[in-house]
Structures are given as C-alpha cells and as structure tokens.
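These are my notebook entries on one protein chain.

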Amino acid sequence: MNKRVTGIGGVFFKTKDPKAVKEWYSKHLGLNTDQWGCTFWWLDENGNKCSTQWSPFKEDTEHFKPSEKDFMMNYRVEDLEELLETLKEEGVEVMDEIQKVEEGKFGWIMDLEGNKIELWEPNDRAFL
C-alpha cells in the first residue's frame with residue numbers, strides 16, 4: 001500500500017442553523033458558500049487540482065452516526081478499498097458500506113474515542 005491518508009478532504013460540523021452559519025462565514029470571512037458549504041481548491045504535489053470541503057450540517061443529522069460527536073473529519077485517501085481492508089486487519093472498526101458516487105468513493109471508520117471518520121477516494125474532476 002502506498003499512502004494511506006493524502007490530505008484533509010473536509011471538515012463537517014453540526015449547527016442549529018446551517019444556512020445562517022454559511023451566510024455568516026460568507027459575509028465575515030469571505031467563504032464562497034453554496035448548498036454544501038464551501039469548497040477550497042488547491043494543487044497537490046504533482047500539480048493536480050484537489051478540493052477540501054467545509055460543511056455545516058443540521059444539528060439533528062444522522063450522517064455522523066453512530067458517533068455522538070458534533071463533528072466529523074473527512075480524509076482524502078489514495079486507495080479506499082485497500083485501506084479499509086488493511087484497517088480491518090489491524091482491528092479498526094470499519095463500517096461495511098462503501099458509497100460510490102460521481103465525486104468518488106466514501107467509506108467510514110470509528111477511531112478509538114468513538115469519532116466517526118469519513119475516508120474519501122476523490123474524483124476532484126467531478127467538481128469542475
């Protein structure tokens with residue numbers, strides 16, 4: 001296996017009013033927000049276009065379950081399926097579902113303190 005995590009794919013957090021939070025960050029910090037939050041574009045070490053997502057979620061979201069935490073990190077990975085198999089072998093709690101969508105592949109694990117972590121094998125071209 002080459003690299004495991006290659007960068008931060010996103011920062012997701014719960015809030016009472018995601019719309020108001022996005023508007024505040026747009027007005028006061030200049031974030032270019034949309035329905036999902038804000039996408040930050042950058043170039044990787046090989047000059048490829050990459051993105052990192054910032055997203056406020058409604059406080060009653062089920063997306064972070066089974067974690068009870070108010071945040072979830074998303075990490076960019078090189079080979080999701082290989083990494084999930086390796087993590088299972090290492091005794092990490094791996095959610096069995098892999099989601100394949102236009103933006104890439106998503107999988108989930110739990111860390112030792114019960115934080116749900118989203119792993120993303122990105123297809124950044126889907127955002128262009």
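**Entry 1: the core**

I first looked up the largest nonpolar core, and I found nine residues in it: V77, L80, L83, L84, L87, V94, I109, I117 and L119. A nonpolar core is here a set of buried Ala, Val, Leu, Ile, Met, Phe, Trp, Tyr and Cys residues joined through side-chain atoms within 4.5 Å. Buried means under 20% relative accessible area, exposed means over 50%, and partly exposed lies in between, with a 1.4 Å probe and protein chains only. Helix 2 (80-89) and strand 9 (116-122) each supply at least two residues of this core. The largest share, four residues, comes from helix 2. I noted that helices (H or I, at least four residues) and strands (E, at least two) are DSSP runs, numbered from the N terminus.

Apart from this core I found another one, of eight residues, among them F12, M72, F106 and W120. As background I recorded that, in soluble globular proteins, nonpolar side chains tend to be buried together.

The model is predicted: local features need pLDDT of at least 70, side-chain atom pairs count only at pLDDT 80 or more, and totals for chains, interfaces and linings use all residues. Residues are numbered from 1 along each chain as its sequence is written, and side-chain values use heavy atoms, with hydrogens and water left out.

Which residues does L119 touch? Leaving out residues up to four places away in sequence, I listed Y75, V77, L80, L83, L84, L87, K105, F106, G107 and I109. Contact means heavy atoms within 4.5 Å.

I then turned to L83, which lies in helix 2. L83 is buried, with a relative accessible area of 3%. Beyond its neighbours within four places in sequence, L83 is in contact with M1, R4, V77 and L119.

Is T86 buried or exposed? T86 is buried, with a relative accessible area of 17%. Its contacts, with neighbours within four places in sequence left aside, are M1 and R4.

**Entry 2: Y75**

Y75 lies in strand 5 and counts as partly exposed, at 26% relative accessibility. Y75 and P122 are 47 residues apart in sequence, yet 9.8 Å apart in space, C-alpha to C-alpha.

**Entry 3: W42 and C50**

I found W42 in strand 3 (residues 37-43). W42 is partly exposed, with a relative accessible area of 29%. Its contacts, with neighbours within four places left aside, are N48, K49, C50, S51, T52 and R76. The C-alpha atoms of W42 and T52, ten residues apart along the chain, are separated by 8.1 Å.

C50 has its place in strand 4. C50 is buried, with a relative accessible area of 4%. Not counting residues up to four places away in sequence, C50 touches F40, W41, W42, D44, R76 and D124. From C50 to L84, 34 residues apart in sequence, the C-alpha distance is 22 Å.

**Entry 4: a cis peptide bond**

Which residues does a cis peptide bond join? K65 and P66 are joined by one, with omega about 10°. P66 has its place in the loop between strand 4 (49-58) and strand 5 (71-77). For reference, I wrote down that most peptide bonds are trans.

**Entry 5: the whole chain**

I counted two helices and nine strands in the protein chain. From the N terminus on, the order is β-α-β-β-β-β-α-β-β-β-β. The radius of gyration is 15 Å, close to the 14 Å that the globule rule gives for 128 residues, so the chain is as compact as a globular protein of that length. That radius is taken over C-alpha atoms, and the globule rule is 2.2 Å times the number of residues to the power 0.38. The C-alpha atoms fill a box of roughly 45 × 40 × 20 Å along the principal axes.

Buried residues make up 37% of the 128 residues. Among contacts between residues at least 6 apart in sequence, 58% join residues at least 24 apart.
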